[in-house]
Amino acid sequence: MVSYRALFNSPLSGMSPISPNEPRAPLIWTNALMFALTFAAAAILVPWYGLTHGFSTADWGVFVFFLGANGIAITAGYHRLWAHRTYDAHWSVRLLYLVFGTMALQNSAFAWCSGHRTHHLHVDDVDLDPYSARRGFWFSHIGWMLRAYPSGQPDFANIPDLKKDAMLDFQHRYYLPLALATNFGLPLAAGFLFHDVWGMLILAGVLRLVWSHHVTFFINSLAHMWGTRPYTEDNSARDNPVLAVITYGEGYHNFHHIFTHDYRNGVRWWQWDPTKWLIAGLERVGLARRLKRTPVFQIQRALLAMQFTRAQARLAKFPAAGPSHIEQLRARLAHEYESFLAAVADWARVKEQWLEEKKRAVLEQWEQVDVQSRLRDIERRLSQQLRRMRVLQAQLL
Ligand SMILES: [Zn+2]
Ligand SMILES: [Zn+2]
């Protein structure tokens, strides 16, 4: 469980922005105006209309519906389906993702996924990551879209699989008219339906767009700055349950950056990740299949490796022959590490045996069950060890 003290241990101020040595990139006027005008319109029109005319329940209802549909289309569609291919979805689901993903106004799926794959490949690199958090909050949040930075130039060579998809190709070709049609057409239609065109345009049109934009942008900015790193410190991505609540589960970004092919971001059953529940639900009703899950063992191994690194770093602050309780902790840590290595070796051995036998096709059903239970035993050993390590870690604070 993430403690809130740990959550705030990595504040924004902990990172000083670095800029690459490059000439000032030219402003992209269309993007700058779109972001500035929609933000200003939301800030002025929403309170003005609210005070002078008032919003109806239908205005709020449609606002929430479009907001959720846009968010889910980006997380379950653009992100987990197309950028990372963590599952397969029925065409009807893909069509809905495409309609509401277009409405979210975050560029075509081609451009979005290509940039996102580059982000994962070169995460934190100031020259190559299109929204590198090392270039500061503003840049990673929105600044990267305001100027034509070299790192932001699209290279569709990394989306050969997506380019074969006729639906995505159509969206890319007609992106602008489709984006305008969904952003004006859908709120307008709702306005006529509920007899409040202006209220609907302001709430379900403008406020919905601005809100949906910044919530997604938080994944590139805040989710790389604020939170904990239980799985890896190889990159700046953070797990943050607070962000997960407003981003449909994308706040578990540290897990996501190490296990990118998992359809879940919040991997534990209790972690708030409505996108994973939706995908699992779609699988239940036959609209999604081939969901990719990271083996439990790999997750535990990553968690334990981080625990050992942290405990070792903390113990290293004490003198070589420190106070007796520190020496005891050192001995316990060494012992835990040995048993961790033994479990990892056991796992590799059982797994290799299993694969060998499978290859020779001699594995009977009952033998398979036996192997599975041996592997589960090792997982149990590791989860007990994780609990012991957390106790040990607490003693080192
Ligand atoms: Zn991703
Ligand atoms: Zn990221």
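The chain splits into two domains: domain 1 covers 4-289 and domain 2 covers 296-396, with bounds that come from an automatic or database domain assignment. Their C-alpha centres sit 37 Å apart. Where the two touch, six residues come from domain 1 and four residues from domain 2. Two residues are in contact if their C-beta atoms, placed from the backbone, lie within 7 Å. On the domain 1 side of that contact you'll find four nonpolar residues, one polar and one charged. In that sorting, Ala, Val, Leu, Ile, Met, Phe, Trp, Tyr, Cys and Pro count as nonpolar, Asp, Glu, Lys and Arg as charged, and the others, Gly among them, as polar.

A quick word on what you're looking at: this is a predicted model, in which local features need pLDDT of at least 70 and side-chain atom pairs count only at pLDDT 80 or more, while totals for chains, interfaces and linings use all residues. Residues are numbered from 1 along each chain as its sequence is written, and chains are lettered from A and ligands numbered from 1 in the order in which they are written.

**The whole chain**

The chain has 16 helices and two strands. Helices (H or I, at least four residues) and strands (E, at least two) are DSSP runs, numbered from the N terminus. Along its principal axes, the C-alpha trace spans about 70 × 55 × 45 Å. Of the 397 residues, 35% are buried. Buried here needs 20 or more other C-beta atoms within 10 Å of the residue's own, exposed needs 12 or fewer, and partly exposed is in between, with C-beta atoms placed from the backbone. If you take the contacts between residues at least 6 apart in sequence, 70% of them join residues at least 24 apart.

**Helices α14, α15 and α16**

How do these helices pack? The table gives the angles and axis separations. Axes are lines fitted to C-alpha atoms, for helices over the stretch in contact, and angles run from 0 to 180 degrees between N-to-C directions.

| Helix pair | Angle | Axis separation |
|---|---|---|
| α14 (residues 296-315) and α15 (residues 324-359) | about 155° | 11 Å |
| α15 and α16 (residues 365-396) | roughly 160° | within 10 Å |

Angles under 35 degrees count as roughly parallel, over 145 as roughly antiparallel, 65 to 115 as roughly perpendicular and the rest as oblique. So α14 and α15 are roughly antiparallel to each other, and α15 and α16 are therefore roughly antiparallel too. The crossing of α14 and α15 is left-handed, and the crossing of α15 and α16 is left-handed as well. A crossing is left-handed if the near helix is turned anticlockwise from the far one by less than a right angle, and right-handed if clockwise.

Now for the residues that meet. From α14, F297, R301, L304, F308, A311 and L315 face a set in α15 that includes I326, Y337 and V344. That contact has 12 nonpolar residues, no polar ones and two charged. On the α15 and α16 side, residues of α15 including E336, D346 and W354 meet residues of α16, among them R374, R381 and R388. By class, that contact has 14 nonpolar, three polar and six charged residues.

V371 lies in α16 and is partly exposed, with 17 other C-beta atoms within 10 Å. Leaving aside its neighbours within four places in sequence, V371 is in contact with V350 and W354. V371 and W354 are 17 residues apart in sequence, yet their C-alpha atoms are 7.0 Å apart.

**A few other residues**

Is I279 buried or exposed? I279 is buried, with 25 other C-beta atoms within 10 Å. You'll find I279 in helix α13 (residues 274-284). Beyond its neighbours within four places in sequence, the contacts of I279 include A76, R80 and Y87.

P295 is in the loop between β2 (288-289) and α14. P295 counts as partly exposed, with 13 C-beta neighbours inside 10 Å.

Most residues other than glycine have a negative phi. What is phi for Y248? Phi of Y248 is near 60°, a positive value. Y248 is in the loop between α11 (241-246) and α12 (253-258), and is buried, with 24 other C-beta atoms within 10 Å. D124 also has a positive phi, near 75°. D124 is in the loop between α5 (109-121) and α6 (137-146), where it counts as partly exposed with 19 C-beta neighbours inside 10 Å.
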